[in-house]
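Visitor: Before we go through the terms one by one, could you show me what we will be talking about?

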Amino acid sequence: MAIDTAAPVTATVDLGPATALSCRECGTRFPLGPSFACLECFGPLEIAYDFGSEGAEELRKRIEAGPASIWRYAPLLPVPADVATKPNLNPGWTPLVKADNLGRELGFTGQLHIKDDSGNPTHSFKDRVVACAIEAARVFGYTTLSCSSTGNLAGAVGAAAARAGFRSCVFIPHDLEQGKVVMAGVYGGELVGIEGNYDDVNRFCSELIGDPAGEGWGFVNVNLRPYYGEGSKTLAYEICEQLGWRLPEQIVIPVASGSQLTKIDKGLQELIKLGLVEDRPYRIFGAQAEGCSPVSAAYKAGHDVIRPVKPDTIAKSLAIGNPADGPYVLDIARRTGGAVEDVTDVEVVAAIRLLARTEGIFAETAGGVTVGVLKKLVETGQLDPSKETVAINTGDGLKTLDAVSEAGMTAVIRPTLDAFRGAGLASA
Amino acid sequence: MSANVRIPTILRTYTGGVSEVPAEGATLGEVIADLERNHAGIAARILDDTGKLRRFVNVYVNDDDVRFAEGLETEIKDGANISIIPAVAGG
């Protein structure tokens, strides 16, 4: 059952069901290759597929028999069929946690879940996208991997490159949280701090890619971006499979560049078209931090164009002031009856603690943004707490300890029972 | 005013493969018009049918995104460095 009905451009490389690159703006098709922008209109290129004629039941069985990683969905990704046998971090298949305690606090009567992607090998969802980008890098013959990163991606690239035997040289804003700097630097690749914010880093990498200094490098989120982005579809696949092959009614997703939200929607649409889930309405909500909320601001103003901002928020992994996929986030939120909302840094910190206190999940600041926005959406009546809802935690709180640094010891006492009783902590 | 314009890989077919070209103009719009005179067809790749910067094109004048300045009306001083870059998502 081919999703793309237009005649595919002949593929000369083995990337499984991927057949071509297709411009999301104008639809022009190009052969599979390390390209990311349309030659006609500069629009972003994404993967077009031919998923073949396998029936839904057979495909579902094949997926369920697959490995406990994103590679169970290899038939739906731009990767070779034998991808699971290659050296990689095998990310994904992270827990979908029934968040009954959090749901009760927020007034849910429908089931609330947290998709906890801090369970990935480098503790963020970035392992999913990097794993797909690396397969494209192998096929296109790159030996050095690179990226512009707000931190999580740099660590994911460093680790994946180490496992797969690539050289890595990654670029981050120089003032990131120490947890992320260490996580990115420990794997032995080169880690370069750029004096500027993420948008400056991104711009630098875009220029480096066209210069002999960066020739022959696979930038996972620049020239390998069409392949990289597809990794986020696996969040959609996993959520539906973990729900028993069912679409959730509402999903809350953090928005930085907007790529993840856009690809989750793409993944849900593919599952519907392939007959793997029943087609029923779902609503997608985007979450931003107030200090970097260009998409939320455009949503609230009724605009379909994003006005870039200079980020100022503790949620540095979401601090992209010029989000390239922002217009698509607006389209999806409006099409599905969702919304895009933002919360202050104070609310982000409170939400990190709320999720930790109620569910035992320690989220990084991006997770705090998502849970904070989830709370706000319920309080403002934008999200229906009687519906089954999934909120995505994309990363681990151990990387952003400074955000909750006031959390600490309840008391410091001498090692005696009297001192313990004196501190008022004894049960009787 | 004379500026130095960095050309992204996907537009170098218009500049004979050259990655940096000179162009004249007092504003960004005038610089793009001058680029078009010397490299026919390039303006239609940067601007949409209504003459605005395309949605997925970022232009920087001396490190500043022109969307934070005056867009196509952004003043170009002599010796300015201009970069044209495809917008890229992902962090």
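Guide: Let us start with strand S5 of chain A, both faces of which are covered: A:Leu112, A:Ile114 and A:Asp116 on one side and A:His113 and A:Lys115 on the other are all buried. This is a predicted model, in which local features need pLDDT of at least 70 and side-chain atom pairs count only at pLDDT 80 or more, while totals for chains, interfaces and linings use all residues. Residues are numbered from 1 along each chain as its sequence is written, and chains are lettered from A and ligands numbered from 1 in the order in which they are written.

Visitor: What makes S5(A) a mostly covered strand?

Guide: A residue is buried if 20 or more other C-beta atoms, placed from the backbone, lie within 10 Å of its own, exposed if 12 or fewer do, and partly exposed in between. In S5(A), which spans residues 112–116, five of the five residues are buried, and the strand is mostly covered. Strands here are DSSP runs of E with at least two residues, helices are runs of H or I with at least four, and both are numbered from the N terminus.

Visitor: How do you know which strands S5(A) pairs with, and in which sense?

Guide: Two strands pair if DSSP finds at least two bridges between them. Strand S4 of chain A, residues 96–98, pairs with S5(A) in the antiparallel sense over three bridges, and A:Val97 has A:Ile114 as its bridge partner there. With strand S13 of chain A, residues 389–393, S5(A) pairs in the parallel sense over five bridges, and A:Lys115 has A:Ile392 as its bridge partner.

Visitor: How do you know that the span of H9(A) is close to the expected one?

Guide: The expected span of a helix is 1.5 Å times one less than its number of residues. Helix H9(A), residues 259–273, has 15 residues and reaches 21 Å from its first C-alpha to its last, close to the 21 Å expected. Just after H9(A), A:Gly275 takes a positive phi of about 80°.

Visitor: What makes up the contact of chain A with chain B?

Guide: Two residues are in contact if their C-beta atoms, placed from the backbone, lie within 7 Å, and this contact takes 32 residues from chain A and 22 residues from chain B. On the side of chain A, H6(A) gives the most, with five residues. That side divides into 16 nonpolar, 12 polar and four charged residues, where Ala, Val, Leu, Ile, Met, Phe, Trp, Tyr, Cys and Pro count as nonpolar, Asp, Glu, Lys and Arg as charged, and the others, Gly among them, as polar.

Visitor: Why does the radius of gyration of chain B agree with that of a compact globule?

Guide: The radius is taken over C-alpha atoms, and the globule rule is 2.2 Å times the number of residues to the power 0.38. For 91 residues a compact globule would have a radius near 12 Å, and chain B has 12 Å, which agrees. Chain B has two helices and five strands, running β-β-α-α-β-β-β from the N terminus on, and 41% of its 91 residues count as buried.
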